[in-house]
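Here's a quick briefing to read with the viewer open.

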Amino acid sequence: SHTGNIPKALEYCQKGLSISRNMNYKKGIARFLSTLGYMCNEQGDTALALENFREGLSICYKLKDTSEAIIDLTNIGWIYSEDHNITKALEYFHKGMSLAEEKKDKNRIWIMYNCIGIMYQKNNDSSNAILNFQKALTILEELNETRYICGILDNIGDIYTQEGDIAKALEYHFKALKIAEELNNEFH
């Protein structure tokens, strides 16, 4: 499990944060806050996680560091998503999405669509989930990112399984399997 040595990691992270604060190294502060936020969330302290992500985010905005800001926005959106707060989650996912679109960062854009898809899936909104997964797929096909395409096809297949549409479910799972087999053959 990846919670193996969180206390030690947390300790290093807090050291890094305090050194960055003492030196007023803003980029370092933002990075360490983001990592701390992630660790707090892993440990189930979502309130502290949100606090860290938000503080990091405001530094990123000041530094105009959009790449790091997008990550913080995604993480905040994810926390709200886990909490089934769709309105708040979408607010942050969309902020991240528009920054990613400004940067033409297609890798971040498909990740956003995937996050939104998963959020809808967890909240039993199949049509919106599929819509977002399809948007992620389109971008992944443009980028020729086959290894991620499998995961998305599987997500869509899972939704059809939940809905009892076995034919559609199998269609998507077979597509994923076929790609996975092709990928597997490439590596042998």
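Glu145 sits in the loop that links α7 (126–143) to α8 (146–162). This is a predicted model, and in it Glu145 counts as buried because its relative accessibility is 18%, under the 20% cut-off. Setting aside neighbours within four places in sequence, Glu145 is in contact with Asn107 and Leu140.

**The whole chain**

- What does the secondary structure come to? The protein chain has 9 helices and 0 strands, so reading from the N terminus you get α-α-α-α-α-α-α-α-α under the DSSP runs used here.
- The C-alpha trace spans about 60 × 45 × 35 Å along its principal axes.
- Of the 188 residues in the protein chain, 41% are buried.
- Take the contacts with a separation of 6 or more: residues 24 or more positions apart account for 48% of them.

**Surface and charge**

- The accessible surface of the protein chain comes to about 10500 Å², and carbon and sulfur atoms hold 53% of that.
- Counting side chains, you'll find 21 positive and 26 negative ones.
- The centres of those two charge sets lie 9 Å apart.

**Helix α2**

- Helix α2 covers residues 26–42, which is 17 residues.
- From first C-alpha to last, α2 reaches 24 Å, close to the 24 Å expected at 1.5 Å a residue.
- The buried residues in α2 are Gly28, Ile29, Ala30, Leu33, Ser34, Leu36, Gly37, Met39 and Cys40.
- What do those buried residues of α2 pack against? Their partners are α1 (6–22), α3 and α4 (66–82).
- Arg31 is also in helix α2, but Arg31 is partly exposed, with a relative accessible area of 41%.
- Arg31 and Ala89 are 58 residues apart along the chain, and their C-alpha atoms are separated by 22 Å.
- Just after α2 comes Gly44, with a positive phi of about 85 degrees.

- Leu63 belongs to helix α3, which runs over residues 46–63.
- Leaving out residues up to four places away in sequence, Leu63 touches Lys26 and Lys27.
- The C-alpha atoms of Leu63 and Lys26 are separated by 7.9 Å, although the two residues are 37 apart along the chain.

**Cysteines**

- A disulfide is a covalent bond between the sulfur atoms of two cysteines.
- How many disulfides does a search of the whole structure find? The search finds 0.
- Cys40 is buried, with a relative accessible area of 6%.
- Cys115 has its closest cysteine sulfur in Cys60, and at 17 Å that is too far for a bond.
- Cys115 counts as buried because its relative accessibility is 10%.

Methods
Residues are numbered from 1 along each chain as its sequence is written. This is a predicted model: local features need pLDDT of at least 70, side-chain atom pairs count only at pLDDT 80 or more; totals for chains, interfaces and linings use all residues. Side-chain values use heavy atoms; hydrogens and water are left out. Helices (H or I, at least four residues) and strands (E, at least two) are DSSP runs, numbered from the N terminus. Contact means heavy atoms within 4.5 Å. Buried means under 20% relative accessible area, exposed over 50%, partly exposed in between (1.4 Å probe, protein chains only). Accessible areas come from the Shrake-Rupley method with a 1.4 Å probe; for residues, only the protein chains shown count as cover. Lys and Arg count as positive and Asp and Glu as negative; His and the chain ends are not counted. The place of a charge is taken as NZ of Lys, CZ of Arg, CG of Asp or CD of Glu. The expected span of a helix is 1.5 Å times one less than its number of residues. A disulfide is a pair of cysteine sulfur atoms within 2.5 Å.
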